[in-house]
Amino acid sequence: MIRSSRRPSALRGLGLLVSSTLPFVAIAAEPQSLQPVVVTATRLPQPIDTVLADLRVIDADAIANAGPMSLTELLRIRGGVEISANGGPGQVSGLFIRGSNAGHVVLLVDGVRVSSATAGTNAFEHIPLAQIERIEILRGVGSSLYGADAIGGVIQVFTKNADAERTEASVGLGQWDTTEASIGLARRFGATRLSLQAGWRDSHAFSATNENNAFSFDPDADGYRNTNLGLSADHTIAPGHSLAVRAMASRGRTEFDAGPGTDDVNRQRLSTVALESRNQLGTDWRSLLRLARGADHIRTEGAFPGFFDTDQDQFTWQNDVAALGGQWVAGLEWRREKVASDTAFTQTSRRFGGVFAGYTARFGDHLLEASARHDDDSQFGSHGTGKLAWGYKFNPHWRASASVGTAFKAPSFNDLYYPLSFGFSGNPDLKPERARSTELALRHDGGALQGGVTVFDSRVKDLIAVDPSFTTVINVNRARIRGATVDAAWRADVWTLRGEFTHQDAEDADTGNRLVRRARQYGSASLGVVLGAWRGGVEWVVSGDRFGAASNSEASRMGGYALVNLNASWAVTPAWTLAARLNNVTDKRYELVQGYNTPGSNLFVSLSYAGL
């Protein structure tokens with residue numbers, strides 16, 4: 001049985017995190033000798049230390065060191081987000097950026113949207129780390145560049161490609177009869193670059209539910225199997241002009257609990273395919289044309305069988321131009337969502353069209369970022385969003401900034417078009433959820449020590465909720481989310497230390513109750529060391545208590561938790577590495593969703609090869 005953690009233990013964990021973080025207040029992402037170039041903040045390539053937005057980067061080393069973690073678990077440790085999960089590997093998961101809802105996040109895979117138009121959420125649990133080269137996490141409103149749904153932020157996953165030739169392979173095994181294997185190749189043939197990445201995972205796992213789940217508890221193990229494949233081909237036609245094809249597919253088979261006496265299984269496929277043309281049209285003008293499709297298809301077997309398929313056809317034309325003392329980005333986007341299901345939705349498709357523009361410049365010690373976007377939806381019409389950020393550099397390392405922006409989320413097909421069933425139906429008259437956010441930040445970048453403090457305040461209105469008669473959904477709720485994040489990183493000789501801590505008040509603006517599954521305090525930290533061929537590290541993850549119901553009743557309280565993970569690796573040769581990871585060292589019992597289990601202490605060992 002799951003035992004709720006007592007609040008004092010969680011607060012002690014939070015205290016440990018704060019004490020390890022505050023002495024190093026002064027950073028952004030991981031310190032590096034050369035600042036990484038990022039693109040998600042402004043849709044333009046720029047060094048991360050010039051970005052005014054709150055952005056995090058998870059690089060290839062952090063991904064390789066994650067072992068059997070899911071993408072959501074890695075984002076909790078390195079991306080500064082909260083997560084939920086209905087059990088173990090492959091189970092339905094969600095994440096909360098700055099206290100926003102799980103549906104307030106845009107997920108991009110190599111620039112392509114992949115999400116469920118019926119549920120209005122993202123299946124992070126089926127995106128394997130074996131396919132990922134880098135992750136960028138934009139925290140804060142992003143609709144002025146990315147359109148609908150970016151109230152909490154944008155998470156962009158960049159898959160492995162053929163930028164450098166490589167041959168890699170890995171095998172691993174761990175708790176619950178977990179086995180993993182992956183292989184990757186990248187080669188250059190004259191003006192053509194090709195890459196392939198394939199992976200497989202199988203785990204018997206553990207029961208998704210526990211006795212606190214009165215409706216669907218079943219003590220049997222709920223296993224997970226995943227197969228995945230990534231392909232890319234990039235051909236340079238002439239200097240500055242290239243064509244590329246990129247594709248990724250992930251198939252997951254997840255056993256879950258929908259009640260005793262039934263064997264319930266979800267079979268879900270996520271895929272993206274894109275054709276891109278990149279062209280240098282002038283000395284200061286780059287153009288991108290992309291035709292793409294993102295798909296999220298799910299089949300459910302067991303007590304409640306059914307299927308829900310989403311296909312998103314997408315077109316992007318983006319232009320990057322250097323002019324008027326800065327960098328401009330401008331473009332057009334078009335997207336069509338198509339739904340197929342054994343549920344008879346009253347409509348099965350809708351279209352989005354958007355035009356956007358942004359400007360980034362530096363004038364002496366002053367930094368400026370501005371963006372605006374106009375979206376048109378075939379269901380609810382037009383919507384405009386914008387964002388303005390200003391920064392000032394006191395010296396080469398210290399910078400202050402302020403920003404204000406707006407965002408919106410489009411209602412899902414379930415919200416709009418769900419057919420009448422047991423007296424309940426969707427509401428085609430729903431309006432988009434809308435948000436306004438302000439942010440203040442003070443940062444230090446450069447040298448061995450980096451860090452910062454970010455204060456944010458968001459107001460969300462027209463939130464969609466079930467009406468009092470329980471017959472449909474309406475725009476009624478409002479939310480107020482205020483908080484501050486302190487993050488720091490330090491590197492010296494063989495040691496690396498990083499930490500991040502957030503205090504927030506994510507509340508229903510009408511009742512004052514905390515939003516479901518949102519903690520007032522949460523954070524993470526890590527300490528790493530490199531000694532010749534040996535590497536090791538320890539990670540901490542902490543969270544305050546949360547509520548599983550909007551009423552914030554005591555019965556729905558989920559206790560806070562503090563987790564400790566250990567990792568170590570040995571470079572047997574320059575190409576071969578043996579690694580081990582022990583997660584949840586203290587076997588902490590905690591919940592992310594009431595009535596659902598989380599992983600106890602578990603060990604994973606892997607052997608990997610990386611060469612040319």
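Let us begin with the largest nonpolar core of this predicted model. It has 34 residues, and those that touch the most other members are Leu71, Leu75, Leu95, Ile135 and Ile155. Several elements each supply at least two residues: the helices α2 (60-64) and α3 (71-78), and the strands β4 (82-85), β6 (105-109), β8 (132-139), β9 (153-159) and β31 (561-571). The element that gives the most is α3, with 4 residues.

Which residues does Ile155 touch, once those up to four places away in sequence are not counted? Its partners include Leu75, Leu95, Ile97, Phe124 and Ile135. Also among them are Val105, Val106, Leu107 and Leu108, together with Glu136 and Ile137. Please note a second, separate core of 17 residues, which includes Val51, Val106, Leu108 and Phe356.

I turn now to the sheet in this part of the chain. Five strands form an open sheet in the order β3-β8-β9-β6-β7, and the pairing is mixed.

Strand β13, residues 224-238, is joined to strand β14, residues 241-256, by 14 bridges, and the two run antiparallel. Leu231 stands opposite Ala247 in β14. The hairpin of β13 and β14 has 2 residues between the strands, and in this hairpin Gly240 takes a positive phi near 85°. On to the next pairing: β14 and β15, residues 264-282, pair in the antiparallel sense over 16 bridges. In this pairing Ser250 stands opposite Leu270 in β15.

Two individual residues deserve attention. Leu289 is located in strand β16, residues 285-301. Is Leu289 buried or partly exposed? Its relative accessible area is 36%, so Leu289 is partly exposed. Setting aside residues up to four places away in sequence, Leu289 touches Leu275, Glu276, Ser277, Phe315, Thr316 and Trp317. Leu289 and Leu603 are 314 residues apart along the chain, and their C-alpha atoms are separated by 45 Å.

The other residue is Asn552, in the loop between β29 (546-547) and β30 (557-558). Although Asn552 lies in a loop, Asn552 is buried, because its relative accessible area is 16%, which falls under the 20% cut-off. The side chain of Asn552 reaches the backbone nitrogen of Arg514 at 2.8 Å. Leaving aside neighbours within four places in sequence, Asn552 is in contact with Asn513, Arg514 and Phe547.

Finally, a word on confidence. The mean pLDDT of the protein chain is 92, and 94% of its residues reach 70 or more. Where does pLDDT stay under 50? This is the case over residues 1-33, for which the model has 92 contacts beyond four places in sequence. Where pLDDT is low, the predicted coordinates should not be read in detail.

How values were computed. Residues numbered from 1 in each chain as written. Predicted model: local features only at pLDDT ≥ 70, side-chain atom pairs only at ≥ 80, totals over all residues. Heavy atoms only, no water. Core = buried A, V, L, I, M, F, W, Y, C linked by side-chain atoms within 4.5 Å. Buried < 20%, exposed > 50% of the residue type's maximum accessible area, 1.4 Å probe, protein only. Contact = heavy atoms within 4.5 Å. pLDDT = per-residue confidence, 0-100. Polar contact = N/O pair within 3.5 Å; in protein donor to acceptor, adjacent residues only side chain to side chain. Pairing = 2+ DSSP bridges.
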